[in-house]
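User: Hi! Could you walk me through this protein model, one question at a time?

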Amino acid sequence: MKIQERTGAGAGRSAAPAQPSVGDRLPTPPRERKPALAALAVLLILVGALGATMLVLQVGDRVEVVKVTRDIQQGESVTSDDVTSALVAADDSINYVKWNQLSALKNLKARTTIYKDTVVMGQMFGEEGGVAAGKSTVGLSLKAGQYPTGLQRGDTVAAYRVSADSGAGNSNSNSNSGSSSSAAGNSVIVDQAQVTYVPDAKSSGDELVSSTNLAVTLTVDSDKAADLAQAASNGEVALVLVSGKSGN
C-alpha cells in the first residue's frame with residue numbers, strides 16, 4: 001500500500017511541466033556597443049576636470065586691495081579705521097591700490113567724494129585733494145559748547161554767529177533795543193556746511209588747539225567763507241548738526 005502511494009506521488013510529479021535545465025536556455029544576443037556615448041562620457045569628464053582646474057587657478061590669481069568703509073569726503077585722507085582689505089581678480093589694466101600700499105595712501109587726499117564700500121583706485125587720491133568749484137574750506141577752533149557732541153567727518157552742519165554779550169548786560173535797556181542786539185549777534189552764517197575734518201578719539205593731542213578747543217574744517221560755499229572765517233577768528237561761531245541734509 002505504501003509502495004503504491006509513493007508510486008502515485010511520483011506519477012503526479014512527473015505530470016507537471018518540466019523546467020528547462022540551465023543548459024537548455026536560449027542564448028542572449030550580445031550587447032550592442034555604443035562608442036559615441038562612451039566618447040561623450042569621457043569628454044564630459046575632461047571638461048569637468050578642466051573647469052575645476054580653471055576655477056582653482058582663478059581663485060588663486062587674486063590681489064589684496066584697499067576698500068573704504070565709510071564715505072571719504074573730498075580733500076580728506078584715510079586712516080586705518082576708514083579702510084579694510086578686499087580680494088579682487090588680478091587685472092593689470094585696473095589701477096588698484098594694493099593693501100601693502102596703505103601707508104603711502106594715508107599721505108594723499110581724496111580728489112572727490114569716495115563712497116563707502118568703494119574699492120580704491122590710484123586716480124582717486126593725489127597730493128592735493130582740491131576743492132570743488134565754488135567751494136572753500138575754513139578751519140575753526142571751537143570750545144566745548146560751540147559744537148555738537150559726536151561730530152564726525154561727513155556731517156552736515158549749520159554755522160551760527162554767536163556773541164557772548166548778545167542781549168546780555170542790556171536788561172535795563174528798552175526791549176526793542178535788546179531784540180535788535182540779539183538779532184544782530186545771533187544769525188546764520190552758513191545754513192549747510194560739510195565737515196571735512198574733525199579729529200577722532202584716537203587722534204594725537206597736537207590736533208587739538210588746546211585742552212578744550214576742537215579743530216574742525218568745514219567746506220562751504222565760497223561766498224560764505226569770509227564771513228565764517230571772520231566769525232571764527234573772534235570765537236563767535238557755533239555749529240548745529242543738520243539732520244537729513246547734505247552739503248551743496
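User: Happy to start simple. What is the order of the elements from the N terminus on?

Analyst: First, a word on the source: this is a predicted model. The protein has 5 helices and 9 strands. From the N terminus on, they run α-α-β-β-α-β-β-β-β-α-β-β-α-β.

User: Among contacts between residues at least 6 apart in sequence, what share joins residues at least 24 apart?

Analyst: Here is some background on the chain. The protein has 248 residues, of which 26% count as buried, and it exposes about 16,500 Å², with carbon and sulfur atoms supplying 54% of that area. As for contacts between residues at least 6 apart in sequence, the share that joins residues at least 24 apart is 71%.

User: Let's look at one helix. How far apart are the end C-alpha atoms of H5, and which span should its residues give?

Analyst: Helix H5 covers residues 222–233, which makes 12 residues. At 1.5 Å a residue these should span 16 Å. That agrees with the model, because the end C-alpha atoms of H5 are 17 Å apart.

User: Within what arc do the buried residues of H5 fall, seen down its axis?

Analyst: The buried residues in H5 include Ala 225, Leu 228, Ala 231 and Ala 232. An α-helix has 3.6 residues a turn, so residues three or four places apart point the same way. The buried residues of H5 therefore line one face of the helix, within an arc of 140 degrees.

User: Which exposed residues does H5 carry on the face turned away from its buried side?

Analyst: Let's take the two sides in turn. The buried residues of H5 are covered by elements including strands E5, E6, E7, E8 and E9. The face turned away from the buried side carries the exposed residues Asp 223, Ala 226 and Ser 233.

User: Which elements each supply at least two residues of the largest nonpolar core?

Analyst: The largest nonpolar core has 21 residues, and those with the most contacts inside it are Leu 140, Val 216, Leu 218, Val 220, Leu 228, Val 237 and Leu 239. The elements that each supply at least two residues of this core are E5, E6, E7, E8, H5 and E9.

User: Which residues of H5 are buried and also in contact with Val 237?

Analyst: Leaving aside neighbours within four places in sequence, the contacts of Val 237 include Leu 140, Leu 142, Ile 189, Leu 228, Ala 231 and Ala 232. The buried residues of H5 are Ala 225, Leu 228, Ala 231 and Ala 232.

User: How many residues does the second, separate core have?

Analyst: The largest nonpolar core has 21 residues. The second, separate core includes Val 68, Val 83, Leu 102 and Phe 125, and its residue count is 19.

User: What is the C-alpha to C-alpha distance between Val 66 and Trp 99?

Analyst: Val 66 lies in strand E1, residues 62–68, and is buried, with a relative accessible area of 0%. Beyond residues up to four places away in sequence, Val 66 touches Val 83, Val 97, Trp 99 and Leu 102, among others. Val 66 and Trp 99 are 33 residues apart in sequence, and their C-alpha distance in space is 5.2 Å.

User: What is the relative accessibility of Glu 76?

Analyst: The cut-off for buried is under 20% relative accessible area. Arg 153 is buried at 19%. Glu 76 counts as buried too, because its relative accessibility is 3%.

User: Last one: which residue other than glycine has a positive phi near 75 degrees?

Analyst: Most residues other than glycine have a negative phi, and most peptide bonds are trans. Just after H5, Gly 235 takes a positive phi of about 70 degrees. The residue you ask about is found in the loop between strands E3 and E4, and its name is Asp 117.

Conventions
Residues numbered from 1 in each chain as written. Predicted model: local features only at pLDDT ≥ 70, side-chain atom pairs only at ≥ 80, totals over all residues. Heavy atoms only, no water. Helix = DSSP H or I, 4+ residues; strand = E, 2+ residues; numbered from the N terminus. Expected span 1.5 Å × (residues − 1). Buried < 20%, exposed > 50% of the residue type's maximum accessible area, 1.4 Å probe, protein only. Arc of directions from axis to C-beta. Contact = heavy atoms within 4.5 Å. Core = buried A, V, L, I, M, F, W, Y, C linked by side-chain atoms within 4.5 Å. Areas by Shrake-Rupley, 256 points an atom, 1.4 Å probe, with all protein chains shown as cover.
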